[in-house]
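Hi everyone, thanks for coming. I'd like to walk you through one structure today, so let me put it up on the screen.

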Amino acid sequence: SQSHRLEAEAAIHSLGCKELMYIAQLLGEMKKGVFKSRIATFTDNEAAVSIVKAQGVTARTKHFERWISYARDLYQRQVIGIFHTPTDLMPADIFTKALPYEPFIRHRTSLMNTGKA
């Protein structure tokens, strides 16, 4: 259902933020001043973007508040930015679903930074 998908998107975004912060701290130790601005994060779920940006708990979000609190805290402290990316442009889909040939090649090219299809 739609609410389960939203909960899953929020949970995955939060877990991704935890991994992101580990990498950011590691890189920060290796070279000071690497991150001078917000780190961009992306999701293809507009409701997940709204929930991370919103303050407080609603009846709709109460049951998965613990998942969104970490990402929301990072957003409010201006450590991360969260942006909506349309599903057809989401490179992470290559890891989560079987794709038709054209989107697969486009995402592979983007992720491998080869510049050629």
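I'll talk about the salt bridges and then a nonpolar surface patch.

A word on conventions: this is a predicted model, where local features need pLDDT of at least 70, side-chain atom pairs count only at pLDDT 80 or more, and totals for chains, interfaces and linings use all residues. Residues are numbered from 1 along each chain as its sequence is written, and side-chain values use heavy atoms, with hydrogens and water left out.

So, how many salt bridges does the structure hold? There are two, where a salt bridge is a side-chain nitrogen of Lys or Arg within 4 Å of a carboxyl oxygen of Asp or Glu.

One joins the side chains of D73 and R77, at 3.0 Å from N to O. R77 is exposed at 52% relative accessible area, while D73 is partly exposed at 34%. Here buried means under 20% relative accessible area, exposed over 50%, and partly exposed in between, with a 1.4 Å probe and protein chains only.

In the D93 and K97 salt bridge, the closest N and O atoms are 3.7 Å apart. D93 is buried, at 7%, and K97 is partly exposed, at 40%.

Now to the patch. Y22, I23, L26, L27, M30, V34 and F35 make up a nonpolar surface patch with about 690 Å² of accessible area together. Its members have over 30% relative accessible area and no salt bridge, and nonpolar side chains (Val, Leu, Ile, Met, Phe, Trp, Tyr) are joined within 5 Å. Areas come from the Shrake-Rupley method with a 1.4 Å probe; for residues, only the protein chains shown count as cover.

Take L26: its relative accessibility is 43%, so L26 counts as partly exposed.

Terms used. Patch = residues over 30% accessible without salt bridge, like charges linked within 9 Å, V, L, I, M, F, W, Y side chains within 5 Å.
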